[in-house]
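Q: Got a model open here and want to go through it with you. Can we start with the annotated spans and then look at the aromatics?

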Amino acid sequence: MANGSGLSVTELAGSVGFILAVLVEVGAVLGNGTLLVVVLRTPDLQDAFYLAHLCVVDLLAAASIMPLGLLAAPPGLGSVPLDPSSCRAARFLSAALLPACTLGVAALGLARYRLIVHPLRPGARPAPALVLTAVWSAAALLGALSLLGPPPAPPPAPARCSVLAGGLGPFRPLWAMLAFALPALLLLAAYGSIFLVARRAALRPPRRTRPRSDSLDSRLSFLPPLRPRLLGGKAALAPALAVGQFAACWLPYGCACLAPAARAAAAEATVTWVAYSAFAAHPFLYGLLQRPVRLALGRLTRRALPRAPKACTSQAWHLQTLLRRLQGLRKDPVLGPSEAPEQIRELARQTPSVSEAT
C-alpha cells in the first residue's frame with residue numbers, strides 16, 4: 001500500500017512537472033516570437049540589436065535543448081533514449097546556448113548602462129556587431145569544452161548527455177565561472193550603477209525657477225510626503241528585477257555545476273528547468289516592462305486588428321435644435337435686431353405643413 005501511494009505521488013509530481021515544463025516552452029516560443037516581431041518592425045528602439053539577439057538565442061534554445069529536456073529519457077522528463085551522437089549534440093548545444101544567453105543578457109545590461117549613464121558619449125559605445133561576435137565566440141569555445149568530456153555511456157547505463165551530469169568532466173568549474181559568474185558580475189556592475197544614478201536623481205532637490213509665494217499651496221509643497229518613496233523610483237525597479245531574475249534562474253544551475261557530479265545529477269531536472277524558465281521570462285522583463293516596446297506593440301496590434309466599419313446614423317430633423325441655433329443669431333452683428341425673431345416666427349408657421357408632409 002505504501003509502495004502504491006508512493007508511486008502515485010511520484011507520478012503526480014512528474015505529471016505536474018511535465019505540464020509546467022510545457023508551459024515554459026510555450027511561453028518562451030510565443031513571448032520571444034512576439035518580441036522579435038515588434039523589434040524588427042520598430043528598428044528605432046535604442047537597444048533593438050541586443051533585444052533581437054536575445055530573442056534569437058531564446059528561440060534557438062526553445063527549438064533545441066528545451067524539447068530534448070521534454071522528450072529525452074531521465075534525467076530528462078521524457079522516455080526517449082539518446083544514441084551517442086545525439087548525446088554529444090545535446091551536450092554541445094547546452095554548453096553553447098546557455099552561455100550565449102547569459103552573456104547576451106550581460107551585453108544588454110551594459111548597453112543600457114552606457115545609454116543611461118553616458119548618453120552624450122556615443123564614441124565610448126562599441127559596435128553591437130563586435131560585442132555579439134565576442135559573445136558567440138566565447139559561447140562556441142565553451143561549447144567545445146563539452147566535446148572534451150568523457151564519452152557517452154552505452155545504452156543500458158545513463159547517457160550523461162547534460163552539462164551537469166559529467167558532460168564537461170574536469171572543465172565544469174571553468175565553464176561555470178565563464179558562463180555564470182562572469183555575466184553575473186557584469187550585470188551586477190551595470191545595473192548597480194544604474195540604480196545609483198537613479199537614486200541620486202531621486203534625492204536631488206528640484207530646481208526652482210519661480211520665486212516662492214506665500215500661498216497655502218506653496219507652504220504645503222515644502223512638507224515631506226506622507227508615504228515614503230522608493231529610493232530611485234521606477235528607475236530602480238527595473239535593475240532590481242533584472243538582477244533578481246538572473247539570480248533566481250541561473251544561480252542554482254551555476255551552483256550545481258560546482259557541486260559533485262553525483263549530487264548535481266540528483267537535482268538535474270529541477271535545476272535545469274528553473275534555468276530554462278529564463279527563456280520565457282526574458283520577453284516580459286526586457287520587453288513588456290519597457291515603455292517604448294509596449295507602445296510599439298500596441299501600435300502594431302491596432303494595425304493588425306480589423307477595423308469595424310463605421311455605422312451610418314441617419315440625421316433626423318430636430319426643429320428645436322435649429323430654433324435654438326437661430327436664437328443665438330440675435331447676438332450676430334450681421335443680422336438686425338428684428339430679423340432673427342421674424343425667421344423664428346416664419347419657421348414656427350411652417351411647422352404644421354412640414355409635419356403634414358412627413
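Q: How far apart are the end C-alpha atoms of residues 12-38, and what is the percentage of helix?
A: This is a predicted model. The end C-alpha atoms of that span are 39 Å apart. Residues 12-38 are 100% helix and 0% strand.

Q: Which residues does UniProt mark as "transmembrane region"?
A: The unreviewed UniProt entry puts that annotation on residues 12-38, 50-72, 92-115, 127-148 and 174-198.

Q: And how much helix is there over residues 127-148?
A: That span is 86% helix and 0% strand. Its end C-alpha atoms lie 33 Å apart.

Q: Switching to aromatics. How many aromatic pairs are there?
A: Seven, counting rings with centres within 6.5 Å. In one of them, Phe180 and Tyr253 are tilted, at 5.6 Å centre to centre and 55° between the planes.

Q: Where do Phe180 and Tyr253 lie?
A: Phe180 is in helix α7 (residues 172-203) and Tyr253 is in helix α9 (residues 234-258). So the pair ties together parts 73 residues apart in sequence.

Q: Is Phe180 buried or exposed?
A: Phe180 is buried, and Tyr253 is too.

Q: Why does the pair Tyr276 and Phe279 count as stacked?
A: Because their planes are at 25°, and the cut-off for stacked is under 30 degrees. The ring centres are 5.8 Å apart.

Q: How many residues apart are Tyr276 and Phe279 in helix α11?
A: Three, so about one helical turn separates them in α11 (residues 268-288). Both Tyr276 and Phe279 are buried.

Q: Which residues do ring pairs link into a cluster?
A: Trp175, Phe180, Trp250, Tyr253, Trp273, Tyr276 and Phe279.

Conventions. Residues are numbered from 1 along each chain as its sequence is written. This is a predicted model: local features need pLDDT of at least 70, side-chain atom pairs count only at pLDDT 80 or more; totals for chains, interfaces and linings use all residues. Side-chain values use heavy atoms; hydrogens and water are left out. Rings of Phe, Tyr and Trp (its six-membered ring) pair if their centres lie within 6.5 Å; planes under 30 degrees apart count as stacked, over 60 as edge-to-face and the rest as tilted. Helices (H or I, at least four residues) and strands (E, at least two) are DSSP runs, numbered from the N terminus. Buried means under 20% relative accessible area, exposed over 50%, partly exposed in between (1.4 Å probe, protein chains only). UniProt positions are given in the numbering used here, feature names are shortened, and annotations may be inferred rather than shown by experiment.
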